[in-house]
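Please keep the sequence and the structure in view while reading.

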Amino acid sequence: MVATLAVAGGLAFAAPASAAEPSDLQTMLSSMGLAPLAAQASDRPEDVRSVLQKRFAEVRKSIDRCQTFLGRNFPKTATDAILKGVALKPGGFDAAVAAAHARLNDAASSGRLARHDLDVCVRLVDMRIGGRTEYVRSLEQIDRSIYKCGKVLAAGTPSQAAVDVLRTLDRRAGSPTYTEAGTLAALDRAFGRSTGLTRLDLDTCAAAYDLDRETQPLTSPRLDVSYCPAGSTFCEGTVPGYTCCSAPLPVCAQSCDEDGDCEPYCEPSLSCFPGDATVLTESGDHKPMADVRVGDRVQVVHADGTLGFEDVYLQTHQDAAVTQTYVRLTLDSGRSLVLSPRHFIPTATDGSAWDDRLIVGANEVQAGDRVWYLAEDGQMRLGTVATASREAATGAFNPLTMQGSIVVDGVVASAHSDWFLDGYVSAHAQAQIYQAMFAPVRGIYTLIGPEWTRTIAEDWGVVDAARAGTGSPAALPLGAAALGGGLLVALLGLHLIRRRRARLA
């Protein structure tokens, strides 16, 4: 991992520990016309943190896809057993993964698993780390360790001293461990606090980082490659070519075929809540956003300004692995709300009446603005925003409620966020338009219920198709048709099934 951190940004070749310092590497790459790569070869703490977060998020996405695909299609066999069986096949590792990829997808009754994801998961369960040559961890244990490492990074940019410790993480020849006896203590001292990691966690994260880097070949750019303009992000896949991502599509993503070849593209940032944000359910439980499901009844503010509970009728974002920038609004009451920059929140105008509220994006809220929160006595009160800051957090979830509001961590927020109209009309107008647009979906949900809605919207990928089809106003008809049409077809199918059963009875 030392070489990887020395060129933080993940160059696809592994430099030895004695390689040139990052500044020399930057000079070399720039002289060759590879400025986008030179920009990644940084030892700045914020850059190292960004690269680690991105890599950990990619590994956790692959784990989630493997667990979902294998658990859904082969429920009688443990996921780890399937993956370890692939690793033990004769004929070479790559040949074994290729054969297993074809076999598993052919036998699957639902969805497909990309070869890259299978490759990563098989390599993960085949890792031998932690100081014991035969020690192999389960996929669930590996995911938990990576999650813990991600939380440490999400807490803030590491110091230069912490980066220096991270750069010492390297697997010595003949050793199954990336760490030494004093590595964890040195890292805690560099962070100025206990990271909460064990040595095995740190070994797992270092090994997973290197493993994922090795499975993602670097794009081969031409020497006449132009630089990405200021404010944009260099985006690459595993096939030749690159793109530059900027607003309104600032997030680098990859589109992968069944063989694991990935092309880069840009997509909107996910506007939602992190996975550890909580909602209050009608049963009185505080449920993490990552566990909220369609059909759950969560606390909201009704149109008349009273508190109550409503069904979650749709989840427009569900990504447990992604790590991205969020806004934290801390109130003078002590409450705080973490939400994405373009997720909407109602604010009080000159008056204090709920009917006079103005819905704005979280990035528009400033210290001194007033928002509604749940007081200790259970009543809704107005509080003043003391600070508005940025931080990284893991997970992206956006549950929609029947009337369009939701109480998250005791602070009132909108259920809506930026979509295809962002930049064209105000957040207040967008929230009203989106609420009206989803009226047919709410009607269909009322008719078919939570279970069918989850199956159609999530398992069949209708929500993903709708989101992909509405990146701009011009593409709205495609996305709207995918969402409304998919639910409508399912409704008709359910109606026909019920009629057939009635006749047979």
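A disulfide is here a pair of cysteine sulfur atoms within 2.5 Å. In general terms, such a link is a covalent bond between the sulfur atoms of two cysteines. The model is predicted: local features need pLDDT of at least 70, side-chain atom pairs count only at pLDDT 80 or more, and totals for chains, interfaces and linings use all residues. Residues are numbered from 1 along each chain as its sequence is written, and side-chain values use heavy atoms, with hydrogens and water left out.

By the sulfur criterion, the structure has 2 disulfides. One of them connects Cys149 and Cys205, with an S to S distance of 2.0 Å. Its torsion about the S-S bond is about 100°, so this disulfide is right-handed. Cys149 belongs to helix H8 (residues 139-154) and Cys205 to helix H11, so the bond ties together parts that are 56 residues apart in sequence. Helices (H or I, at least four residues) and strands (E, at least two) are DSSP runs, numbered from the N terminus. Cys149 and Cys205 are both buried, where buried means under 20% relative accessible area, exposed over 50%, and partly exposed in between (1.4 Å probe, protein chains only).

The disulfide between Cys66 and Cys121 has an S to S distance of 2.2 Å. Here the torsion about the S-S bond is about 105°, so this disulfide is right-handed. Since Cys66 sits in helix H4 and Cys121 in helix H7 (residues 115-125), the pair ties together parts that are 55 residues apart in sequence. Cys66 and Cys121 are buried. Cys272 is buried as well, with a relative accessible area of 0%.

What of the aromatic rings? Rings of Phe, Tyr and Trp (its six-membered ring) pair if their centres lie within 6.5 Å; planes under 30 degrees apart count as stacked, over 60 as edge-to-face and the rest as tilted. The structure contains 4 such aromatic pairs.

Tyr313 and Tyr445 are buried.
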